[in-house]
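Please open the model in a viewer and keep the sequence panel at hand. The stops below are given in the order in which they may be selected.

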Amino acid sequence: MKKYMYIWAACSIVAWTACNRAPGYRITGTVEGIAEGDTVYLQELSDGLLTKLDSAIVKNGKFTFTGRQDTAAVRYLTYMKGEKRLFTDFFLENGQIAAVLSENGSATGTANNDVYQAFKDKYVALQNEIRETYRKTKTDSTLTAEQVDAIMQELDRKDSLGTDLIYRVIDEHIDNPVGLLLLPRYAYSLPIERQRTLLEKVPERYTANADIRKLKEHIATLDRTAVGKQFLDFGMNDPEGRPIRLSDFIGKYKYTLIDFWASWCGPCRAEMPNVVAAYRTFAPKGFGIVGVSLDNDADKWKQAIKDLHITWPQMSDLKGWECEGSRLYGVNGIPATVLVDREGTIVERDLRGEALIQRLNELFR
């Protein structure tokens, strides 16, 4: 009996030792273009700031991190020295992770990283195609109007492919860390109904996640300011520092466009000639605009008003992305617009370019 007890005890010790030596993670990384002996950092993002968790010295162009991470978590490999900045995000989880730290970094070898990297590769490739195709319309002076129209249709098609890719990958991985990461990160590029569909599929264990809660709050805000709802009033200062409110203008015009923009926003400046043209055409018929600037710098705001030939009322609290008005309407990208009728009912959202002119033509017919 003692012999068997001894064998059992020996086996138990072996089992205990094996458990405590269970494989953790090993990150084997390569990096090019930095000096031997330089340092690569493993970091986490907390409250918008990167915090160093570990470091590794580069030897023969390689670096290694080891440890244990039983719950997959998003982490960052970084290198910063002088003007050189290298950065890649990945899932830190147990297993063998192969990382490449470069301008287009990667991490593969474990379940979550393989899925996430495959998504990034496809999405980045598609975005590069879109940028190159768009650049052609701006640099190739030999293109006819018909050719430009064909290219723009192709851009719309590729943009739809990108949206479908985002939705499909999140939908397939909504019950694991990849979906939890991608949903709040890319949801705003999806139509609101697709956002709702995905949120309904989020497992109960993830509903307390801060990013998921924030996304739900954003959708609730959009619901409060959707087409058919009454506009929400707010007040700020005009460029001369005088307090004004939306309600000072809603009701004065047949239709009022609330235009969210900023002097530092390239797409806003590109869109502004369309807004100016719409104002000149329809103001005599009862069309008004109130600009809401997401600027921080009053002087730059005022200069942009002059440079862009803006002649309608403007307001700003100079809080940038913390603008109270934009938060009230769930604006997370600019330019953004809200069209309101004389009774204060929201008629349309996010009209721009030809779509704005077309809708105004219909309304003032």
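**Helix 3**

Begin by selecting Thr163, which is located in helix 3 (residues 145-172). The model is a predicted one. Thr163 has a relative accessible area of 16%, and because buried means under 20%, it falls in that class. Display its surroundings next: leaving aside residues up to four places away in sequence, Thr163 touches Ser189, Leu190, Pro191 and Arg194.

**A network of salt bridges**

Which residues are linked with Asp89 in a network of salt bridges? Select Lys120 and Arg185 together with Asp89 to see the network. One link is the salt bridge between the side chains of Lys120 and Asp89, at 3.0 Å from N to O. Lys120 belongs to helix 2 (residues 111-139) and Asp89 to strand 6 (residues 84-92), so this pair ties together parts that are 31 residues apart in sequence.

The side chains of Asp89 and Arg185 also meet in a salt bridge, again 3.0 Å from N to O. Here strand 6, which holds Asp89, is tied to helix 4 (residues 177-186), which holds Arg185, and the parts so joined are 96 residues apart in sequence.

Asp89 is buried at a relative accessible area of 10%, and Lys120 is buried at 13%. Arg185, by contrast, is partly exposed at 34%.

A search of the whole structure finds 19 salt bridges. Another of them may be selected at Asp238 and Arg242, whose side chains meet at 3.0 Å, N to O. Asp238 is buried, with a relative accessibility of 9%.

Val74 is partly exposed, at 22% relative accessibility. Not counting residues up to four places away in sequence, Val74 touches Phe90, Phe91 and Leu181.

**A nonpolar surface patch**

Switch to a surface view and select Leu45, Leu50 and Phe87, which make a nonpolar surface patch of about 260 Å². Leu45 lies in strand 2 (residues 39-46). Its relative accessible area is 46%, which places Leu45 among the partly exposed residues.

Strand 13 is joined to strand 12 (residues 287-293) by two bridges, and the two strands run parallel. To locate this pairing, select Gly291, whose bridge partner in strand 13 is Gln314.

Is strand 11 largely enclosed or largely open? Seven of its seven residues are buried, so strand 11 is largely enclosed by the rest of the structure. Strand 11 pairs with strand 12 in the parallel sense over seven bridges. In this pairing, Val290 of strand 12 is the bridge partner of Ile258.

**Backbone geometry in the loops**

Most residues other than glycine have a negative phi, and most peptide bonds are trans. The last selections depart from that pattern.

- Ile334 and Pro335 are joined by a cis peptide bond, with omega at about 5 degrees. Pro335 sits in the loop between helix 9 (324-328) and strand 14 (336-341).
- Asn60, although not a glycine, has a positive phi of about 55 degrees. Asn60 is placed in the loop between strand 3 (49-57) and strand 4 (62-67), and is exposed at a relative accessible area of 69%.
- Asp350 has a positive phi near 60 degrees and is likewise a residue other than glycine. Asp350 lies in the loop between strand 15 and helix 10 (353-363), and is partly exposed at 42% relative accessible area.

Methods. Residues numbered from 1 in each chain as written. Predicted model: local features only at pLDDT ≥ 70, side-chain atom pairs only at ≥ 80, totals over all residues. Heavy atoms only, no water. Pairing = 2+ DSSP bridges. Helix = DSSP H or I, 4+ residues; strand = E, 2+ residues; numbered from the N terminus. Patch = residues over 30% accessible without salt bridge, like charges linked within 9 Å, V, L, I, M, F, W, Y side chains within 5 Å. Areas by Shrake-Rupley, 256 points an atom, 1.4 Å probe, with all protein chains shown as cover. Salt bridge = Lys/Arg side-chain N within 4 Å of Asp/Glu carboxyl O. Buried < 20%, exposed > 50% of the residue type's maximum accessible area, 1.4 Å probe, protein only. Contact = heavy atoms within 4.5 Å.
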